[in-house]
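Please examine the sequence and the structure below before reading on.

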Amino acid sequence: MHMVINYFKSGYEKLKTALFKTSSYFDNKLRSILVGDIDENTIDQLEQIFYEADLGANISSKLIEKVKDYYQNNPKATAEDYRNIIKQELIANLKQIKSETKLSTPHIILIVGVNGNGKTTSIAKLANLYQREGKKVLVAAADTFRAAAVEQLELWAQHLNIEIVKGKMGSDPAAVVYDSIQAGMARNLDYIIIDTAGRLHTKLPLMQELEKIKRTIKKLIPSAPHETLLVLDATVGQNAIDQAKTFHQYTPLTGIILTKLDGSSKGGAVFSIQQQLNTPVKYIGTGEDIDDIQVFQAENFVEALLQSTT
(Lines give C-alpha, C1' and ligand atoms only; values in the text may rest on other atoms or scores of the structure.)
Protein backbone atom coordinates (compact mmCIF):
# COMPACT_ATOMS: atom_id res chain seq x y z
CA MET A 1 0.00 0.00 0.00
CA HIS A 2 2.81 2.42 0.90
CA MET A 3 4.47 1.70 -2.44
CA VAL A 4 1.25 2.59 -4.31
CA ILE A 5 0.83 5.82 -2.32
CA ASN A 6 4.46 6.78 -2.94
CA TYR A 7 4.07 6.04 -6.67
CA PHE A 8 1.08 8.36 -6.99
CA LYS A 9 2.76 10.98 -4.84
CA SER A 10 5.89 10.97 -7.00
CA GLY A 11 3.70 11.09 -10.12
CA TYR A 12 1.87 14.15 -8.83
CA GLU A 13 5.15 15.85 -7.88
CA LYS A 14 6.39 15.27 -11.45
CA LEU A 15 3.19 16.79 -12.79
CA LYS A 16 3.60 19.84 -10.57
CA THR A 17 7.16 20.24 -11.78
CA ALA A 18 6.12 19.86 -15.42
CA LEU A 19 3.43 22.51 -15.02
CA PHE A 20 5.63 24.87 -13.02
CA LYS A 21 6.02 27.46 -15.79
CA THR A 22 2.31 27.49 -16.55
CA SER A 23 1.38 27.59 -12.88
CA SER A 24 3.90 30.33 -12.16
CA TYR A 25 1.94 32.55 -14.50
CA PHE A 26 -1.62 31.37 -14.03
CA ASP A 27 -1.89 30.70 -10.31
CA ASN A 28 0.29 33.57 -9.20
CA LYS A 29 -1.74 35.98 -11.33
CA LEU A 30 -4.95 34.65 -9.80
CA ARG A 31 -3.58 35.09 -6.29
CA SER A 32 -2.37 38.62 -7.00
CA ILE A 33 -5.82 39.65 -8.24
CA LEU A 34 -7.99 37.73 -5.76
CA VAL A 35 -6.99 39.77 -2.72
CA GLY A 36 -9.12 42.06 -0.60
CA ASP A 37 -12.62 42.92 -1.78
CA ILE A 38 -13.73 41.40 -5.08
CA ASP A 39 -15.29 43.95 -7.43
CA GLU A 40 -16.12 44.34 -11.13
CA ASN A 41 -12.57 45.47 -11.87
CA THR A 42 -11.32 42.19 -10.39
CA ILE A 43 -13.66 40.26 -12.67
CA ASP A 44 -12.33 42.13 -15.72
CA GLN A 45 -8.75 41.27 -14.73
CA LEU A 46 -9.69 37.61 -14.34
CA GLU A 47 -11.10 37.62 -17.86
CA GLN A 48 -7.75 38.78 -19.21
CA ILE A 49 -5.87 36.07 -17.31
CA PHE A 50 -8.12 33.32 -18.68
CA TYR A 51 -7.52 34.41 -22.26
CA GLU A 52 -3.75 34.77 -21.76
CA ALA A 53 -3.44 31.30 -20.20
CA ASP A 54 -4.06 29.43 -23.50
CA LEU A 55 -7.32 28.01 -22.19
CA GLY A 56 -9.04 28.85 -25.48
CA ALA A 57 -11.83 31.34 -26.18
CA ASN A 58 -14.68 28.92 -25.49
CA ILE A 59 -13.53 27.85 -22.02
CA SER A 60 -12.40 31.37 -21.11
CA SER A 61 -15.90 32.67 -21.92
CA LYS A 62 -17.55 29.93 -19.85
CA LEU A 63 -15.24 30.61 -16.93
CA ILE A 64 -15.85 34.34 -16.85
CA GLU A 65 -19.62 33.80 -17.16
CA LYS A 66 -19.47 31.45 -14.18
CA VAL A 67 -17.40 33.92 -12.16
CA LYS A 68 -19.72 36.84 -13.00
CA ASP A 69 -22.80 34.83 -12.00
CA TYR A 70 -21.12 33.86 -8.75
CA TYR A 71 -20.17 37.49 -8.08
CA GLN A 72 -23.76 38.65 -8.58
CA ASN A 73 -25.16 36.01 -6.22
CA ASN A 74 -22.35 36.05 -3.64
CA PRO A 75 -21.06 39.62 -3.29
CA LYS A 76 -19.19 38.81 -0.06
CA ALA A 77 -17.42 35.68 -1.35
CA THR A 78 -13.74 35.27 -0.50
CA ALA A 79 -10.75 34.81 -2.80
CA GLU A 80 -10.67 31.11 -1.90
CA ASP A 81 -14.33 30.79 -2.92
CA TYR A 82 -13.47 32.13 -6.36
CA ARG A 83 -10.46 29.84 -6.67
CA ASN A 84 -12.70 26.86 -5.91
CA ILE A 85 -15.28 27.96 -8.48
CA ILE A 86 -12.54 28.32 -11.10
CA LYS A 87 -11.03 24.95 -10.16
CA GLN A 88 -14.33 23.06 -10.34
CA GLU A 89 -15.23 24.64 -13.68
CA LEU A 90 -11.84 23.70 -15.18
CA ILE A 91 -12.21 20.10 -13.97
CA ALA A 92 -15.77 19.91 -15.32
CA ASN A 93 -14.61 21.11 -18.74
CA LEU A 94 -11.88 18.49 -18.92
CA LYS A 95 -14.29 15.75 -17.86
CA GLN A 96 -16.87 16.61 -20.51
CA ILE A 97 -14.91 14.60 -23.06
CA LYS A 98 -14.89 11.00 -21.92
CA SER A 99 -11.92 8.67 -22.28
CA GLU A 100 -13.16 5.11 -22.58
CA THR A 101 -11.00 2.14 -23.56
CA LYS A 102 -12.05 -1.49 -23.77
CA LEU A 103 -9.00 -3.69 -23.49
CA SER A 104 -8.51 -6.58 -25.90
CA THR A 105 -5.76 -9.17 -26.20
CA PRO A 106 -3.64 -8.28 -27.98
CA HIS A 107 -4.54 -4.60 -27.58
CA ILE A 108 -3.48 -2.80 -30.76
CA ILE A 109 -2.44 0.85 -30.41
CA LEU A 110 -1.69 2.88 -33.53
CA ILE A 111 0.56 5.88 -32.82
CA VAL A 112 0.42 8.80 -35.25
CA GLY A 113 1.95 12.26 -35.26
CA VAL A 114 4.33 14.62 -36.99
CA ASN A 115 8.07 13.93 -36.75
CA GLY A 116 9.66 15.99 -34.01
CA ASN A 117 6.72 15.87 -31.61
CA GLY A 118 8.30 13.15 -29.47
CA LYS A 119 6.50 10.22 -31.08
CA THR A 120 9.20 7.55 -30.78
CA THR A 121 10.07 8.49 -27.21
CA SER A 122 6.39 8.47 -26.28
CA ILE A 123 6.07 4.92 -27.62
CA ALA A 124 8.98 3.84 -25.43
CA LYS A 125 7.44 5.56 -22.40
CA LEU A 126 4.09 3.92 -23.08
CA ALA A 127 5.72 0.49 -23.48
CA ASN A 128 7.56 0.99 -20.20
CA LEU A 129 4.35 2.06 -18.44
CA TYR A 130 2.53 -1.09 -19.56
CA GLN A 131 5.50 -3.30 -18.76
CA ARG A 132 5.59 -1.90 -15.21
CA GLU A 133 1.97 -3.03 -14.92
CA GLY A 134 3.15 -6.56 -15.69
CA LYS A 135 1.99 -6.58 -19.31
CA LYS A 136 3.82 -8.18 -22.24
CA VAL A 137 4.53 -5.59 -24.93
CA LEU A 138 5.72 -5.56 -28.53
CA VAL A 139 6.57 -2.47 -30.57
CA ALA A 140 6.31 -2.32 -34.35
CA ALA A 141 8.78 -0.04 -36.16
CA ALA A 142 6.51 0.78 -39.11
CA ASP A 143 8.13 4.15 -39.89
CA THR A 144 10.30 2.35 -42.43
CA PHE A 145 11.35 5.49 -44.31
CA ARG A 146 13.21 7.09 -41.44
CA ALA A 147 16.27 5.15 -40.30
CA ALA A 148 16.66 7.24 -37.15
CA ALA A 149 13.15 6.33 -35.97
CA VAL A 150 13.76 2.60 -36.37
CA GLU A 151 17.18 2.79 -34.70
CA GLN A 152 15.85 4.83 -31.80
CA LEU A 153 12.94 2.45 -31.25
CA GLU A 154 15.29 -0.53 -31.43
CA LEU A 155 17.57 1.00 -28.79
CA TRP A 156 14.60 1.58 -26.51
CA ALA A 157 13.36 -1.98 -27.05
CA GLN A 158 16.78 -3.34 -26.06
CA HIS A 159 16.94 -1.04 -23.04
CA LEU A 160 13.47 -2.07 -21.86
CA ASN A 161 13.90 -5.71 -22.88
CA ILE A 162 10.72 -5.72 -24.96
CA GLU A 163 10.09 -7.31 -28.33
CA ILE A 164 10.33 -5.34 -31.57
CA VAL A 165 9.41 -6.13 -35.17
CA LYS A 166 11.02 -4.08 -37.92
CA GLY A 167 11.52 -4.27 -41.68
CA LYS A 168 14.15 -3.20 -44.16
CA MET A 169 14.50 0.50 -44.82
CA GLY A 170 11.97 1.63 -47.41
CA SER A 171 9.94 -1.58 -47.10
CA ASP A 172 6.14 -1.63 -46.92
CA PRO A 173 5.05 -0.39 -43.44
CA ALA A 174 1.87 -2.47 -43.67
CA ALA A 175 4.00 -5.63 -44.00
CA VAL A 176 5.80 -4.76 -40.74
CA VAL A 177 2.44 -4.24 -39.06
CA TYR A 178 1.16 -7.60 -40.38
CA ASP A 179 4.23 -9.43 -39.04
CA SER A 180 3.92 -7.61 -35.70
CA ILE A 181 0.32 -8.61 -35.13
CA GLN A 182 0.95 -12.19 -36.15
CA ALA A 183 3.86 -12.34 -33.70
CA GLY A 184 1.79 -10.75 -30.93
CA MET A 185 -1.08 -13.15 -31.43
CA ALA A 186 1.21 -16.20 -31.57
CA ARG A 187 2.99 -15.18 -28.35
CA ASN A 188 -0.19 -14.12 -26.52
CA LEU A 189 1.12 -10.60 -25.89
CA ASP A 190 -0.96 -7.93 -24.16
CA TYR A 191 -0.03 -4.81 -26.13
CA ILE A 192 1.22 -4.11 -29.66
CA ILE A 193 2.24 -0.47 -30.13
CA ILE A 194 2.71 0.57 -33.76
CA ASP A 195 4.90 3.49 -34.80
CA THR A 196 3.95 5.19 -38.08
CA ALA A 197 5.53 7.77 -40.37
CA GLY A 198 4.99 11.44 -39.62
CA ARG A 199 5.75 13.14 -42.92
CA LEU A 200 2.85 15.59 -42.96
CA HIS A 201 4.37 17.60 -45.80
CA THR A 202 3.62 14.61 -48.07
CA LYS A 203 0.11 14.55 -46.73
CA LEU A 204 -1.78 12.41 -49.24
CA PRO A 205 0.74 9.53 -49.54
CA LEU A 206 1.12 9.49 -45.75
CA MET A 207 -2.60 9.28 -45.16
CA GLN A 208 -2.99 6.59 -47.84
CA GLU A 209 -0.25 4.68 -46.01
CA LEU A 210 -2.13 4.98 -42.71
CA GLU A 211 -5.31 3.75 -44.35
CA LYS A 212 -3.43 0.73 -45.76
CA ILE A 213 -1.99 -0.02 -42.31
CA LYS A 214 -5.48 0.06 -40.80
CA ARG A 215 -6.83 -2.28 -43.49
CA THR A 216 -3.97 -4.67 -42.78
CA ILE A 217 -4.70 -4.62 -39.05
CA LYS A 218 -8.40 -5.33 -39.63
CA LYS A 219 -7.62 -8.36 -41.79
CA LEU A 220 -6.10 -10.00 -38.73
CA ILE A 221 -8.21 -8.44 -35.96
CA PRO A 222 -11.44 -6.85 -37.28
CA SER A 223 -12.02 -4.80 -34.10
CA ALA A 224 -8.55 -3.22 -34.23
CA PRO A 225 -6.85 -0.81 -33.96
CA HIS A 226 -8.36 -0.53 -30.51
CA GLU A 227 -6.80 2.89 -30.01
CA THR A 228 -5.35 5.51 -32.34
CA LEU A 229 -3.30 7.98 -30.31
CA LEU A 230 -1.94 11.22 -31.68
CA VAL A 231 1.32 12.56 -30.23
CA LEU A 232 1.19 16.35 -29.94
CA ASP A 233 3.83 18.83 -28.81
CA ALA A 234 2.20 21.12 -26.22
CA THR A 235 4.53 23.98 -27.11
CA VAL A 236 3.39 24.52 -30.72
CA GLY A 237 -0.05 25.95 -29.98
CA GLN A 238 -2.47 26.28 -32.89
CA ASN A 239 -0.16 24.26 -35.17
CA ALA A 240 -0.86 21.27 -32.95
CA ILE A 241 -4.60 21.72 -33.49
CA ASP A 242 -4.14 21.95 -37.27
CA GLN A 243 -1.98 18.80 -37.31
CA ALA A 244 -4.56 16.92 -35.28
CA LYS A 245 -7.42 17.90 -37.55
CA THR A 246 -5.51 16.58 -40.58
CA PHE A 247 -4.84 13.21 -38.94
CA HIS A 248 -8.38 13.02 -37.57
CA GLN A 249 -9.74 13.46 -41.09
CA TYR A 250 -8.00 10.33 -42.35
CA THR A 251 -7.75 8.15 -39.27
CA PRO A 252 -10.24 8.92 -36.47
CA LEU A 253 -8.40 9.52 -33.22
CA THR A 254 -9.38 8.02 -29.88
CA GLY A 255 -6.92 9.97 -27.75
CA ILE A 256 -3.95 12.31 -27.49
CA ILE A 257 -0.51 11.96 -25.93
CA LEU A 258 0.57 15.49 -25.03
CA THR A 259 4.35 15.90 -24.84
CA LYS A 260 6.75 18.61 -23.66
CA LEU A 261 4.42 20.02 -21.02
CA ASP A 262 7.54 20.83 -19.04
CA GLY A 263 9.05 22.84 -21.90
CA SER A 264 6.96 26.00 -21.81
CA SER A 265 4.14 27.87 -20.11
CA LYS A 266 1.59 26.36 -22.52
CA GLY A 267 0.05 23.82 -20.12
CA GLY A 268 -3.33 25.53 -20.48
CA ALA A 269 -3.44 24.30 -24.07
CA VAL A 270 -4.82 20.98 -22.78
CA PHE A 271 -8.23 22.64 -22.42
CA SER A 272 -8.42 24.14 -25.92
CA ILE A 273 -6.95 20.99 -27.55
CA GLN A 274 -9.61 18.74 -26.01
CA GLN A 275 -12.41 21.16 -26.83
CA GLN A 276 -11.45 21.87 -30.44
CA LEU A 277 -10.75 18.23 -31.31
CA ASN A 278 -13.47 16.67 -29.13
CA THR A 279 -10.82 14.06 -28.33
CA PRO A 280 -9.55 13.23 -24.84
CA VAL A 281 -5.98 13.78 -23.71
CA LYS A 282 -5.13 10.25 -22.48
CA TYR A 283 -1.46 10.57 -21.53
CA ILE A 284 0.85 13.46 -20.75
CA GLY A 285 4.62 13.63 -20.87
CA THR A 286 6.07 15.25 -17.75
CA GLY A 287 9.80 15.17 -18.55
CA GLU A 288 12.63 13.52 -20.46
CA ASP A 289 13.05 10.31 -18.44
CA ILE A 290 11.49 6.99 -19.49
CA ASP A 291 9.13 7.10 -16.48
CA ASP A 292 7.92 10.61 -17.28
CA ILE A 293 4.50 9.73 -18.68
CA GLN A 294 1.17 9.63 -16.87
CA VAL A 295 -2.42 8.69 -17.51
CA PHE A 296 -4.19 12.04 -17.74
CA GLN A 297 -6.44 12.79 -14.76
CA ALA A 298 -8.45 16.01 -14.77
CA GLU A 299 -8.41 16.58 -11.00
CA ASN A 300 -4.66 16.11 -10.64
CA PHE A 301 -3.97 18.30 -13.65
CA VAL A 302 -6.05 21.21 -12.37
CA GLU A 303 -4.67 20.85 -8.84
CA ALA A 304 -1.14 21.08 -10.26
CA LEU A 305 -2.13 23.99 -12.48
CA LEU A 306 -3.41 25.93 -9.47
CA GLN A 307 -0.49 25.13 -7.21
CA SER A 308 0.96 28.04 -5.31
CA THR A 309 4.46 28.99 -6.43
CA THR A 310 4.90 32.04 -4.27
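How many salt bridges does the count come to? The count comes to 15 salt bridges, a salt bridge being a side-chain nitrogen of Lys or Arg within 4 Å of a carboxyl oxygen of Asp or Glu. This is a predicted model, in which local features need pLDDT of at least 70 and side-chain atom pairs count only at pLDDT 80 or more, while totals for chains, interfaces and linings use all residues. Residues are numbered from 1 along each chain as its sequence is written, and side-chain values use heavy atoms, with hydrogens and water left out.

**Arg83 and Asp27**
- The closest N and O atoms of the salt bridge between Arg83 and Asp27 are 2.5 Å apart.
- Arg83 belongs to helix α5 (residues 79–95) and Asp27 to helix α2 (residues 20–33), so the pair ties together parts 56 residues apart in sequence; helices are DSSP runs of H or I with at least four residues, and strands are runs of E with at least two, numbered from the N terminus.
- Arg83 is buried at 10% relative accessibility, and Asp27 is buried at 0% (buried means under 20% relative accessible area, exposed over 50%, partly exposed in between, with a 1.4 Å probe and protein chains only).

**Lys87 and Glu303**
- Lys87 forms a salt bridge with Glu303, with 3.1 Å between the closest N and O atoms.
- This pair links helix α5 with helix α12 (residues 298–305), 216 residues apart.
- Lys87 counts as buried at 16%, whereas Glu303 is partly exposed at 35%.
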